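Please give a short report on the structure below.

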Amino acid sequence: MMLGGGWLARIARPRWVNGFFGKAQIVSAAGMGFAHGMNDAQKTMGIIALTLVSAQSVGTLDNLPGWLAFLHPSPGALADGDDDTWLNVTCALVMAAGTAAGGWRIVKTLGHKLVKLHPIHGFAAETSAASVIMAASSLGIPVSTTHNISSAIMGVGTAKRLNAIKWGVVHKMIWAWILTIPMSGLIAYGLFRVLHGMGLV
């Protein structure tokens with residue numbers, strides 16, 4: 001995409017190119033948002049649905065108070081694996097709130113600290129990442145939105161020149177990705193042991 005964009009930038013005025021891709025980024029950003037919900041939200045819903053169906057099948061949810069009755073999976077969820085509507089709405093709202101609350105830090109890191117982006121670069125990165133995520137979603141493959149957009153931005157930066165990317169930031173990001181899973185597992189284990197010791201689970 002950057003090869004095509006670079007060709008366009010050479011034959012057109014920079015002001016026109018920035019204006020065109022500035023508007024085109026609205027479409028690519030919308031596609032990125034759609035792709036994010038299409039894949040990342042499904043992973044969250046799947047884990048919660050699996051937990052509720054498993055808990056229902058072994059009788060863990062049998063003694064729930066009336067106000068928590070909505071946690072019982074519906075017959076459709078048990079028979080066909082369909083998610084209940086409340087679960088879809090809750091996951092969508094929580095993901096939107098999380099992105100609104102913490103998304104600006106990610107945007108600042110990827111858009112300013114990793115490499116300096118212009119509208120043409122943002123369009124190419126967003127379109128590429130959204131295409132990969134949507135293709136993976138259509139095949140039922142769970143992928144990370146953050147990994148995809150980060151890699152796309154690195155590709156855009158490399159297309160400019162190799163030293164356009166701040167590799168120190170990349171190094172920190174990769175370490176964060178590597179440590180996220182084991183640290184999450186350790187925290188979950190610790191919380192379970194504490195709750196088990198208190199007799200709550």
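In which helix is the place of Leu179? Leu179 sits in helix H7; helices are DSSP runs of H or I with at least four residues, numbered from the N terminus. This is a predicted model, in which local features need pLDDT of at least 70 and side-chain atom pairs count only at pLDDT 80 or more, while totals for chains, interfaces and linings use all residues. Residues are numbered from 1 along each chain as its sequence is written, and side-chain values use heavy atoms, with hydrogens and water left out.

**Surface patches**

Ile174, Trp175, Ile178, Leu179, Met183 and Leu186 make up a nonpolar surface patch, with about 590 Å² of accessible area together. Patch members have over 30% relative accessible area and no salt bridge; nonpolar side chains (Val, Leu, Ile, Met, Phe, Trp, Tyr) are joined within 5 Å and like charges within 9 Å. Areas come from the Shrake-Rupley method with a 1.4 Å probe, and for residues only the protein chains shown count as cover.

A positive patch is formed by Arg105, Lys108, Lys113 and Lys172. Lys and Arg count as positive, with the charge placed at NZ of Lys and CZ of Arg. Helix H4 (residues 85–113) gives the largest share of this patch, 3 residues, whereas Lys172 belongs to helix H7 (residues 167–197).

**Accessibility of selected residues**

Buried means under 20% relative accessible area, exposed over 50%, and partly exposed in between (1.4 Å probe, protein chains only).

| Residue | Relative accessible area | Class |
|---|---|---|
| Lys172 | 65% | exposed |
| Leu179 | 42% | partly exposed |
| Lys43 | 29% | partly exposed |
| Asp40 | 14% | buried |
| Gly122 | 7% | buried |

**Nonpolar core**

The largest nonpolar core has 23 residues, of which Leu114, Ile149 and Ile153 touch the most other members. Such a core is a set of buried Ala, Val, Leu, Ile, Met, Phe, Trp, Tyr and Cys residues joined through side-chain atoms within 4.5 Å. At least two residues each come from helix H2 (14–57), helix H5 (119–138), helix H6 (145–160) and H7. The most, 6 residues, come from H5.

Gly122 is also located in H5. Between Gly122 and Phe21 there are 8.4 Å in space, C-alpha to C-alpha, and 101 residues in sequence.

**Salt bridge**

The whole structure holds 1 salt bridge, defined as a side-chain nitrogen of Lys or Arg within 4 Å of a carboxyl oxygen of Asp or Glu. Asp40 and Lys43 form a salt bridge at 3.2 Å, N to O. These two residues are about one helical turn apart, because they are 3 residues apart in helix H2.
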